[in-house]
Amino acid sequence: MASAPVHLAVDLGASSGRVLAGCIEGGQLKLSELHRFANDPVHVQGRMYWNLLGLWQEIRKGLSLAAAGEAKVLSVGVDTWGVDYVFLDANGDLIGPGYHYRDARTRGMFPKAFERVAREEIFAETGLQFMELNTAYQMLAARLENSPVLDIANQMLMIPDFFHWLLTGKAAIEYTNATTTQLYNTQQQGWSQKLLKAFDLPTRVFSDVVQPGTVLGPILGSQGGVPGLEGVPVVLPATHDTGSAVVAVPADNFAPAQPDWCYISSGTWSLMGCEIPEPLINDRCAELNFTNEGGVQGSTRLLKNIGGLWIFQQIKASLERRGQTLDWPSMVQAAADAKPFQLLIDPDCPDFAAPACMVDAIAAFANRTGQPAAADNGVLFRGALEGLALRYRTCLGWLESLTGTTINTIHILGGGAQNALLCQMTADACRRRVLAGPVEATAIGNIVMQMVGLGQIGSIQEGRQLIRDSFQPVVYEPQDPDPWDAAAERFEKLDA
């Protein structure tokens, strides 16, 4: 680990977590990974949970490595995925495990929710896209199951809030993650009392939100926090991982009213959108099912959730369960060698949300949509990547229609930025320049926001200048875009 003073980013994704250290050396931001660990769901009698206490042990291990190092630790911040939550009771004790957003209990919740509040009213209140995994429908499912948890809960915490509470003993709900719940009114900057009442949710658990950059408090000692880091401040990043990733976009402006760039935060999910100065809540946005999530310093992330590399990852898992040995580079090479457009896969098809076997689910999808079965693994791998690029193309058109601007540059952030084939496919499918990187965007954005919170960086734009000085993106220009036009026509008709 570097000897210069460091900020620690705890970055939890849907499949893995890391603890990273960041410092400024020679005018550049340097990162070092201290600890990496798996994040596997736990299945218990038909339910699907996160192993939150196991994750806490791994987080403490990573932070303890930092405490034992030579570098002074200046601050710590945690980011995770959105929508999931836990409850504390009146004694400050954790109530039960935390549900995984892929748990089946939310299936079929939309009609039950819309019986209570019309769909258009929910969108007008929240500006959020409709996904059954959203917090609102998780909590409605709990209410309809007569779960006693809602009656004894005293405080709701989103998942990163939970880890910040473990570190500091202070319970607070951070803004960017609060806006993923579909229970928060970003225009009025408060919880939607209309929705809380309609879904019969206890208003007492929804405390006031706090903004990214807030110094939450010092880390506890050995009785609760991390030995060796007692007194180190916890500074809230954008705790929703996409919010942190967007901070790390190496653009030369912040929240422009007329954006000429968009981002794709590419991992298990792909989040594609624009950073704009205020929510865009209108009929067209509702029709396209876009979301307005809160960003840092009053900005809005107008975006679309796309299935991401989930299908690609789960193909690997399915084939490995069948005894095949695979690695990511060989999968990408097999995809590159396969003939284009043999099998078009829609990454947002509900069939692929949580199938028992992804390969079987794709075979069923191909049969249902009148496509030939995959001739070999390369066709499967390529289909998963081409489907993503085609979905990006569609989403780009929607973004331009919503913002009324022409988007010239697509920034791909996160792990997907390392997939050169997917990046080139995106440039070709979208007919746009792609800038890939930084790969560790979420951790970088987390650390930059900690620096802003402590006054070491004066603004997001200053932070982005530091990022541009530190990380060189890989540039992809369109090379062979014409064949994608016919493929896009086929893609749009898959579920017609």
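Analyst: This is a predicted model, and the second largest pocket in it holds about 670 Å³ of space. The pocket is lined by 25 residues, and those closest to its centre are Leu133, Trp269, Asp348, Pro350 and Ala353. Sorted by class, the lining consists of 13 nonpolar, seven charged and five polar residues. Two of the elements that contribute are strand β20, residues 300-306, and helix α14, residues 377-403; each of them supplies at least two lining residues.

Helix α14 also takes part in a helix contact. Its partner is α12, which covers residues 328-337, and the two axes come within 7 Å of each other and cross at roughly 90°. Angles from 65 to 115 degrees count as roughly perpendicular, so α12 is roughly perpendicular to α14. On the α12 side the contact is made by Met331, Ala334, Ala335 and Ala336. On the α14 side, Gly378, Phe381, Arg382 and Leu385 make the contact. By class, the residues of this contact are six nonpolar, one polar and one charged.

Three strands form an open sheet in the order β4-β5-β9, and the pairing is antiparallel. Strands β4 and β9 stand at the edges with a single partner strand each, so one side of each has no neighbour in the sheet. The pairing of β4, residues 42-44, with β5, residues 47-50, is antiparallel and rests on three bridges. Within that pairing, valine 44 has arginine 47 of β5 as its bridge partner. The hairpin of β4 and β5 has two residues between the strands, and glutamine 45 there takes a positive phi near 45°. For the other pairing, β5 joins β9, residues 98-99, over two bridges, again in the antiparallel sense. Here tryptophan 50 stands opposite glycine 98 of β9.

Terms used. Residues are numbered from 1 along each chain as its sequence is written. This is a predicted model: local features need pLDDT of at least 70, side-chain atom pairs count only at pLDDT 80 or more; totals for chains, interfaces and linings use all residues. Side-chain values use heavy atoms; hydrogens and water are left out. On a 1 Å grid over the protein atoms alone, a cavity is a set of points where a 1.4 Å probe fits but cannot get out, and a pocket is an open set with protein on both sides within 12 Å along at least five of seven lines; lining residues have an atom within 4 Å of a point. Grid points are joined across faces, edges and corners, and a volume is the space filled by probe spheres set on the points. Helices (H or I, at least four residues) and strands (E, at least two) are DSSP runs, numbered from the N terminus. Ala, Val, Leu, Ile, Met, Phe, Trp, Tyr, Cys and Pro count as nonpolar, Asp, Glu, Lys and Arg as charged, and the others, Gly among them, as polar. Axes are lines fitted to C-alpha atoms, for helices over the stretch in contact, and angles run from 0 to 180 degrees between N-to-C directions. Angles under 35 degrees count as roughly parallel, over 145 as roughly antiparallel, 65 to 115 as roughly perpendicular and the rest as oblique. Contact means heavy atoms within 4.5 Å. Two strands pair if DSSP finds at least two bridges between them.
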